[in-house]
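Subject: Structure for you to look at

Hello,

Please find below the structure I am handing over to you. My notes on it follow.

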Amino acid sequence: MYNMLTGIRIAVSRCQAKINRPLTEQDFTARHKYSFDIVGNELTPSARYDFKFKDYAPWVFRELREVHFSLDPADYLLSLTSKYILSELTSPGKSGSFFYFSRDYRFIIKTIRHAEHKFLLRILPQYWEHVKANPHTLLSRFYGLHRVKLPRGQKIHFVIMNNLFPPHKDIHESYDLKGSTVGRIVPPAKLEQNPRAVQKDLNWIDSNRVLELGPEKRAFLTEQLRRDSEMLRDLGVMDYSLLVGLHWGNRGNKENVRGSTLRVFEPSVPPIRRKTTQTKDGRSPEAIAMRRIMRASDPHHLGTTLDLPDSPSPSMQTVAPSTPAHSQRTRPRSGSKGTSNTNSVVSGNGIMQQAHPTYQTPPHSSHPLHQSQPPQPPQPPHLHHHPPSYTPSQQPHPTQDRDHFLFYQDEGGLQATDESNEEMDVIYYLGIIDILTPYGGLKKCEHFWKGLSADRHKISPVPPSEYADRFFGFMKAIMRGGEGGARFKAE
């Protein structure tokens, strides 16, 4: 884990040190490599042992973070490279992925399989276009794609993503909804043992749950779900789901949910030893520039908009410092459209080069979902976005960076409303996750095999077109005014 955090800090700092510029076609396939050793030098710090780090498409993810997801670079580095991070107490999920949370619970570091890594790189241009055209998209927000190569040659691929659930609100119930009903249930006995388990489609249907949204919010959510599912269908993706977290206002945060489900993980940070770069006059301009940006991005010197603790919460279990063996344990299983123009840009080594054609964003339509700010009148007041004003003694709330996104503007989520658009007692935290599974040979075999013993239209692995239609139909059905999810049950 220390390798991941060290690599993130160096790679992001280096990219941030350069002047921003328009993206080129080559930026989507760019790969920046970094080597770390026990000695270190003026450009990279010393490490506990030798390892290599690779940063994929750094300029694309920088634009996604800063321009489209409104992340402050300093806050991003501070969150991910602090003294400690958080990890789940439970074992890895069905996919074999490990999840780590940033200190402030805003970001997720998730290990992925090599096939998922390659697929994300392949669809990155289309993903970028979709995010630009749909600023309120519900798709997972990818902030970075990286790889660590450990001493014996093991490679760990991982992504940095948004955490849908807020750092300041307990999530009392959570559901993973696909629109499939074959085997999609968490048994009551398991729920008794672990009331915080993520429930599934049949649990939602049997509990008579409904997405309680008024006419305006319901219309906007339906339209965004349609756009996102159509985009995933066109990419040949299936097996994604809508993650829904429920926070009940009358229950508040008394249950300390995260204190019982997370533990503190403190990566061991070795002392930094540097060697002098050999230059004619003993001073390397590149090293001087890098020292300056590294000092500026040092978490100990960065400002923060969050009231973060200096030490782990007593309610969280402390874990021993990271070791090479632990890092190896986390190893996972094994065309954009637009016009172009030509500019001169400065390459990483300071040499002027002819730029490749740059991508231009198609003009946004006037539809509210195309606007980066929530729609204005004639909509009701609860859909308006008013930038918060804080007195000097006040701290901005932890989800302020996503306040201007339509489905995350109510304390980081979407407040339930009745038919008169009056607020109700629950906040929904929702987003589309697991979007890196194409309908390939393995899924086709799974579709055939499961279809022999169950309704092949109700099972999870179905072709992308059918999956998207079923997913969208199910989400419409479980909203207020819909026909309910019972009709999706297998007979």
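How many of the 11 residues of helix 2 (residues 58-68) are buried? First, the basis of the notes: this is a predicted model, in which local features need pLDDT of at least 70 and side-chain atom pairs count only at pLDDT 80 or more, while totals for chains, interfaces and linings use all residues. Residues are numbered from 1 along each chain as its sequence is written, and side-chain values use heavy atoms, with hydrogens and water left out.

Helices (H or I, at least four residues) and strands (E, at least two) are DSSP runs, numbered from the N terminus. Buried means under 20% relative accessible area, exposed over 50%, and partly exposed in between (1.4 Å probe, protein chains only).

To answer the question, 9 of the 11 residues of helix 2 are buried, so the helix is largely enclosed by the rest of the structure. Among them are Trp59, Phe61, Leu64 and His68. After helix 2 comes Ser70, with a positive phi near 60 degrees.

Gly236 follows helix 7 and has a positive phi, near 75 degrees.

Two loop residues also have a positive phi without being glycine. Glu411, with a phi of about 55 degrees, lies between strand 13 (352-354) and strand 14 (414-417). Glu411 is partly exposed, at 33% relative accessible area. Asp434 also has a positive phi of about 55 degrees, and its loop runs between strand 15 (423-433) and helix 11 (441-451). Asp434 is partly exposed, at 34% relative accessibility.

Regards
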